[in-house]
Amino acid sequence: MHDAFAVDPLTVFAPAKLNLFLAVTGRRPDGFHELVSVVASLTFGDTLTVTPAEGFSLTCTDPEVPADESNLVLRAARAFAAATRWPGGAAFRLEKRVPAGAGLGGGSSDAVAALRALQTLAGPAHALAPEPLAELAAQLGSDCPLFLRGEPVVMRGRGERLAPLPADAARRLRGRRVLVFKPGFGIPTPWAYGRLAARAPGSYLPAAEAEARLAAWCDDPTAPAEALLFNNMEPPAFAKFVALPTLLDRLRERGGVEPRMSGSGSACFVLLGDGTDPAPLRALIRDAWGESAFVQESRLA
Ligand code: C5P
């Protein structure tokens, strides 16, 4: 008997991201924070496979990741079905590679991968236009809208206002090699923002200063990607999690590189020259953080 649901499964790539520049500029009345951030996706990420099914379900290759209704993939699917009135369903299989609690946007990217897959499954009669799709993504998480873009973007507001970088500035970022590394522990995003708020107002960078800094980098065609790196979420995170500054100082002193934390942490990264051998850096990371550390080489997309 022909099964109308027996079509090929859909597979969607869900990249990780790095905040190359992250200036939290103040707190909003709704409790969220305003930021100015340059974010780039990586060539490294999760894979989400979708098969048409009755209802929504999720399995994940990582037993540590909750595959219940709290998972952003299922929350995205439910929100998509509610917004589009699409009567279909989907069985999701998530091949998880991006660690959680890292500031790499893994969960947010999975949610957007689910939306992309459902847009295809649901077909043109139910698919959302770009604007409502971006609004739906923003409701799921501050980092979700950026994953609807393929190139490095400037993120403003709480993350929902996106603008492309000037072409020359984007060229200085795209394809750059990176080494991403995370200790065995993660940092919960609400905790990180809470610590920043507790140190206010000195912990924020005024918006005008953040914009001036970013514009200066964009306007200087000789400024390398390294000159952009900034993250004012580092001091509160480093005060509590001393393993982070301990390693980052060592990488600076002995590795001759300029490491940064991504987003609210705990993952950090360095930009690598094309001919750079990352082995000595990997050795310093393993030495400081042990075997439970996650280490991944990738490129900015
Ligand atoms: O939007 P998302 O679910 O990723 O946010 C998680 C938490 O991070 C929020 O509840 C808030 O505490 C904090 N956050 C913030 N300002 C942002 C993004 C996140 O305060 N722009």
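Reader: Where is R85 found?

Author: The model is predicted. In it, α1 covers 72–84 and β4 covers 89–95. R85 is found in the loop between α1 and β4.

Reader: What is the phi of R85, and is R85 buried or exposed?

Author: Most residues other than glycine have a negative phi. R85 is not a glycine, although its phi is positive, at about 60°. Exposed means over 50% relative accessible area. Because the relative accessibility of R85 is 72%, R85 counts as exposed.

Reader: Which residue does a cis peptide bond join to A200, and where is that residue found?

Author: Most peptide bonds are trans. The bond from A200 to P201 is cis, with omega about 0°. P201 is found in the loop between α5 and α6 (207–219).

Reader: A cis peptide bond also joins G265 and S266; what is its omega, and in which loop is S266?

Author: For the cis bond between G265 and S266, omega is about 10°. S266 has its place in the loop between β9 and β10.

Reader: In what order do the four strands of the open sheet lie, and which are the edge strands?

Author: The pairing in this sheet is antiparallel, and the order is β9-β10-β7-β11. An edge strand pairs on one side only, and this holds for β9 (260–261) and β11 (294–299).

Reader: Over how many bridges do β9 and β10 pair, and which residue stands opposite C268?

Author: Strand β10 comprises residues 268–272, and its pairing with β9 is antiparallel, over two bridges. The residue opposite C268 of β10 is M261.

Reader: Which helix packs on the sheet, and what angle does its direction make with that of β7?

Author: The helix in question touches β7 (177–182), β10 and β11. This is α9, residues 279–289, and its direction makes an angle with that of β7 of about 10°.

Reader: Which residues of α5 are buried, and within what arc do they fall?

Author: Helix α5 spans residues 189–198, and its buried residues are A192, Y193, L196 and A197. On the other side of the helix, P190 and A198 are exposed. Seen down the axis, the buried residues line one face of α5, because they fall within an arc of 135°.

Reader: How many residues does the largest nonpolar core hold, and why does it lie between the domains?

Author: F56, F92, F181, L251 and I285 touch the most other members of this core, which holds 69 residues. Its largest share, eight residues, comes from helix α2 (residues 106–122). The core lies between the domains because residues come to it from both domain 1 (2–164) and domain 2 (169–299).

Reader: How many residues make up the other core?

Author: This core lies apart from the largest one, and V98, A170, L229 and F294 are among its members. It has 35 residues.

Reader: What distance separates the centres of domain 1 and domain 2?

Author: The contact between the domains takes 31 residues from domain 1 and 36 residues from domain 2. Taken over C-alpha atoms, the separation of the two centres is 24 Å.

Reader: Is S108 buried or exposed?

Author: S108 lies in helix α2. Beyond its neighbours within four places in sequence, S108 is in contact with L72, D143, C144 and F147. The cut-off for a buried residue is under 20% relative accessible area. With 14% relative accessibility, S108 therefore counts as buried.

Reader: Which residue stands opposite R156, and how far from E34 is the C-alpha atom of R156?

Author: Strands β5 (residues 153–156) and β6 (residues 161–164) pair in the antiparallel sense over four bridges, and R156 has R161 of β6 opposite. In the turn of this hairpin, G157 has a positive phi of about 70°. E34 lies in strand β2, and among the residues it touches are G157 and R161. Although E34 and R156 are 122 residues apart along the chain, their C-alpha atoms are separated by 7.0 Å.

Key. Residues are numbered from 1 along each chain as its sequence is written. This is a predicted model: local features need pLDDT of at least 70, side-chain atom pairs count only at pLDDT 80 or more; totals for chains, interfaces and linings use all residues. Side-chain values use heavy atoms; hydrogens and water are left out. Two strands pair if DSSP finds at least two bridges between them. Contact means heavy atoms within 4.5 Å. Axes are lines fitted to C-alpha atoms, for helices over the stretch in contact, and angles run from 0 to 180 degrees between N-to-C directions. Buried means under 20% relative accessible area, exposed over 50%, partly exposed in between (1.4 Å probe, protein chains only). The arc is that of the directions from the helix axis to the C-beta atoms. A nonpolar core is a set of buried Ala, Val, Leu, Ile, Met, Phe, Trp, Tyr and Cys residues joined through side-chain atoms within 4.5 Å. Domain bounds come from an automatic or database domain assignment.
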